[in-house]
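Here is a protein chain for a short briefing. Look at the sequence and the 3D structure before reading on.

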Amino acid sequence: MALIKQHQKTLYCALPYANNPNVHLIERFFQNVIYLVFSILGEFIIYEPHFSKGRADVILINKDFVYIFDFKVDQDAQTAISQINLQNYAGRYKMDGKKIFKIGANFSSKEKNLTDWIVEEVK
């Protein structure tokens, strides 16, 4: 996951930034880039899947793993992890026999890049 984080940071350094200050649009921009990168790599990815208590930003599923992503802008990655836990996004996948990882990420509207990233395995 550290390599994925570094590739994402490098990618965002190369992208032109938007001047729109709307946090929702900034989050959507970063979310779209991550979705497109994994889609191009041939991964099965679900964009904004709905759950009983809300929706995750992105879920990537392969034969061995489930990765649950939540993104924040100008907050911190722990806030994203807390949302995954509070909304129980992992609950749907606990009986699949796959390892489940929660990824919380924060993007800075000032730095125009990923600034905080936490990965936790669901036990």
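Predicted model: local features only at pLDDT ≥ 70, side-chain atom pairs only at ≥ 80, totals over all residues.

Helix α3 spans residues 77-87, and the chain passes from β5 through α3 to β6 in a right-handed β-α-β crossover.

**Helix α3**

- Five residues of α3 are buried, namely Ala77, Ala80, Ile81, Ile84 and Gln87.
- Why do they lie on the same side of α3? They cover an arc of only 145° around the axis, and so they share one side of the helix.
- At the start of α3, the backbone nitrogen of Gln78 has a side-chain oxygen of Asp76 within 3.1 Å.
- Just after α3 comes Asn88, with a positive phi of about 55°.

**Strand β6 and its partners**

- Nine of the ten residues of β6 are buried, so the strand is mostly covered.
- Strands β5 and β6 run parallel and are joined by nine bridges.
- Within this pairing, Phe69 has Ile103 in β6 as its bridge partner.
- Strands β6 and β7 run antiparallel, with eight bridges between them.
- Opposite Gly104 stands Ile118 in β7.
- β6 and β7 make a hairpin with four residues between the two strands.
- Lys112 lies in the turn of this hairpin and has a positive phi of about 60°.

**Asn106**

- Asn106 is located in strand β6.
- Is Asn106 buried or exposed? Asn106 counts as buried because its relative accessibility is 3%, and the cut-off for buried is under 20%.
- The side chain of Asn106 reaches the backbone nitrogen of Asp74 at a distance of 3.1 Å.
- Apart from neighbours within four places in sequence, the residues in contact with Asn106 include Lys72, Val73, Asp74, Gln75, Asp76 and Ala77.
- Asn113, Leu114, Thr115 and Asp116 are also among the contacts of Asn106.

**Aromatic rings**

- A pair of aromatic rings is described by the distance of the centres and the angle of the planes.
- How many aromatic pairs are there? The count comes to ten.
- The rings of Tyr35 and Tyr47 have centres 5.2 Å apart and planes at 75°, so this pair is edge-to-face.
- Tyr35 belongs to helix α2 (residues 23-40) and Tyr47 to strand β1 (residues 44-47), so the pair links distant parts of the chain, twelve residues apart.
- Tyr35 counts as partly exposed at 28% relative accessibility, and Tyr47 is partly exposed with a relative accessible area of 27%.
- Phe38 and Phe69 form a tilted pair, 5.9 Å centre to centre and with 45° between the planes.
- Phe38 is in helix α2 and Phe69 in strand β5, 31 residues apart, and this pair too links distant parts of the chain.
- Phe38 counts as buried at 7% relative accessibility, and Phe69 counts as buried at 1%.
- One aromatic cluster is formed by Phe38, Phe69, Phe71, Phe107 and Trp117.

Methods:
Residues numbered from 1 in each chain as written. Heavy atoms only, no water. Buried < 20%, exposed > 50% of the residue type's maximum accessible area, 1.4 Å probe, protein only. Arc of directions from axis to C-beta. Polar contact = N/O pair within 3.5 Å; in protein donor to acceptor, adjacent residues only side chain to side chain. Contact = heavy atoms within 4.5 Å. Pairing = 2+ DSSP bridges. Right-handed = clockwise from strand over helix to strand, strands pointing away. Phe/Tyr/Trp six-rings, centres within 6.5 Å; stacked < 30°, edge-to-face > 60°.
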